[in-house]
Amino acid sequence: SLHDALPIYETVGKKIRQGQMMKIPYLAVIGEKEIKNKTLTIRSRESKELKEISVEKFLETIKDIIKNH
């Protein structure tokens, strides 16, 4: 399972590297800041930049990607 692949005790950096190796298209970071702000910090495999966005905006983006592919 994904939880087994990315154990909770590992650092965020290590989880991101593992996600890259698994070719996961989007990685979401949800920490205390994101919970407080009701956002996600997203890293896409293509851009490799971290971007903080609302949960709603992320869901809209994913729905558009699915719809257009």
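Okay, Ile42 is buried, at 7% relative accessible area, where buried means under 20%, exposed over 50% and partly exposed in between, using a 1.4 Å probe and protein chains only. This is a predicted model, so to speak: local features need pLDDT of at least 70, side-chain atom pairs count only at pLDDT 80 or more, and totals for chains, interfaces and linings use all residues. Numbering runs from 1 along each chain as its sequence is written, and side-chain values use heavy atoms, with hydrogens and water left out.

Back to Ile42, which sits in strand S2; strands are DSSP runs of E, at least two residues, and helices are runs of H or I, at least four, numbered from the N terminus. Skipping neighbours within four places in sequence, Ile42 is in contact with Tyr26, Leu27, Ala28, Glu49, Leu50, Lys51, Ile53 and Phe58 (contact: heavy atoms within 4.5 Å). From Ile30, Ile42 is 12 residues away in sequence and 9.0 Å C-alpha to C-alpha.

Also in strand S2 we have Thr39, buried at 13%.

Now, the second largest pocket. Ile42 is among the lining residues, and so are Tyr26, Lys51 and Phe58. Strand S2 (39-44), strand S3 (50-54) and helix H4 (55-67) each give two or more residues to that lining. By class, the lining has four nonpolar, three polar and four charged residues. The pocket holds about 160 Å³ of space. For the term: on a 1 Å grid over the protein atoms alone, a pocket is an open set of points where a 1.4 Å probe fits, with protein on both sides within 12 Å along at least five of seven lines, and lining residues have an atom within 4 Å of a point.

Notes: Points joined across faces, edges and corners; volume = space filled by probe spheres on them. Nonpolar A, V, L, I, M, F, W, Y, C, P; charged D, E, K, R; others polar.
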